[in-house]
Amino acid sequence: MNQLQLFLPCAAGVEELLLPEVLRITGLPPGCATKQRGGVAVRTSLSHAMLLNLYSRLAQRVLVLLSHTEYRGEQDLYRAASEVPWERWFTPKESIKVEVTAQHSPLTSLNFAALKIKDAVCDRFRATAGGVRPDVNTQWPDARIYTHLTTDHCSLYLDTSGEPLFKRGWREDKGDAPLKETLAAAMLAASGWMEGEDDLLPLYDPCCGSGTIAIEAAQMACNIAAGSRRRFAFEKYLPFRRAEWEAMKKDAHEAEVVREPGQHPIIFGSDVSHRMVDFAQRNAERAGVADVVEFRGGDALQRMPPVDGPGMIVMNPPYGERIEVAGVAGSVAQEGRFGARELAQTEEGVEFFSQLAAHWKKNYPNWTAWVLTPDLKLPSKMRLKESRRVPMWNGPIECRMFRFDMVKGSARKNDRP
């Protein structure tokens, strides 16, 4: 288990950020990891796979590549899966689930392909475990087997993570279309907030929803390992060494930074929905950062800077429903929809965003704002000139993360009110 080929999938656009994170966590030299489409591949050990599950904030999963072969039809998939020594990884007592993704595959049914791979795994166990085979559990399997098909190649992976890594174990309260923790971490990494040797700038999310960005930032500032509050699939696998894992978790816990008595928070969030603020506060308590992040209710167009001096705004303004000009949630939210967020529609939200920009220019001098949005015309709607734009995908939605540097007055020449 000392020479494994791992693949860490991530959201499109995050590969450039994930590569240095993998090298930092493992301590491996740069040549051991390579950036690929949709993730990072690294040749290393099971110990590093456990570390990556514990510490990675950007990866979606940590997969072990067990087979990479050519194929033409379903029988080739059966043969490839039957040659993998699954019995080295888990026993027939563990339940399994097979998932198949494809890119330009000639096969007509991915469900049938998954069935053939499942049959191969079960038949292999019948032959090696005295006729006993693992059960299939499509909801809560012990072992997830991932298959990726291209035009002519089949890759078989065993998942060491279990639940996807964005499920940190602390978010039980969430509203509509919550931002995944991994994407929030990617936004913070792209902003460079944690970089440098100087003290961290105050950070503020004025549309915080259930608090994902602020809580991720707080855990990063406190050096809390992303996976320290959850369990992983590898804990049920045969090569798992519990004493080594307990030592890793102990090291992670001892490296956490505790807030000094009387130290003021530097991470803030607010939302127009007070219900969402309650969600965020409860999530922060479960994440272990309730004393280092401050949440309040309030209109994004009226909230003044939470601290004096420069700072950084990081936000993912929600889209879909109309947001009132005053910045309060629309009629659906006012009627009491559970967990409703402040929402903005591409066309009708124009005035909100122009007013938000005016509010920032007037009251947030020397602040930097990073805004993730699928609306590529957002800078013109805010009448601001972005200083950077970072491509990033939110699931299937192509987005840009715009950086705006706040100065009093207009940031555009010849701009008229």
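Which residue of β3 is the bridge partner of Q36? The partner of Q36 is G39. This is a predicted model, where local features need pLDDT of at least 70 and side-chain atom pairs count only at pLDDT 80 or more, while totals for chains, interfaces and linings use all residues. Residues are numbered from 1 along each chain as its sequence is written, and side-chain values use heavy atoms, with hydrogens and water left out.

**The sheet**

Strands of a sheet pair through backbone hydrogen bonds, either parallel or antiparallel. Here, β2 and β3 (residues 39–44) pair in the antiparallel sense over four bridges. Strands (E, at least two residues) and helices (H or I, at least four) are DSSP runs numbered from the N terminus, and two strands pair if DSSP finds at least two bridges between them.

The open sheet has seven strands in the order β2-β3-β1-β4-β7-β6-β5, with mixed pairing. β2 (33–36) and β5 each have a single partner strand at the edges, so one side of each is left without a neighbour in the sheet. From one strand to the next, the twist averages 30°.

Helix α2 (residues 46–55) lies across β1 and β3 and runs at about 15° to β1. Helix α4 (residues 110–128) packs on the sheet and touches β5, β6 and β7, its direction making about 140° with that of β5. Contact means heavy atoms within 4.5 Å; axes are lines fitted to C-alpha atoms, for helices over the stretch in contact, and angles run from 0 to 180 degrees between N-to-C directions.

**The pockets**

A pocket is an open set of points on a 1 Å grid over the protein atoms alone, where a 1.4 Å probe fits, with protein on both sides within 12 Å along at least five of seven lines; lining residues have an atom within 4 Å of a point. Grid points are joined across faces, edges and corners, and a volume is the space filled by probe spheres set on the points.

| Pocket | Volume | Residues nearest the centre |
|---|---|---|
| Largest | about 1,100 Å³ | F7, P9, G38, T101 and H148 |

The largest pocket is lined by 33 residues. Elements giving two or more residues to that lining include β1 (4–9), β4 (63–70) and α5 (181–191).
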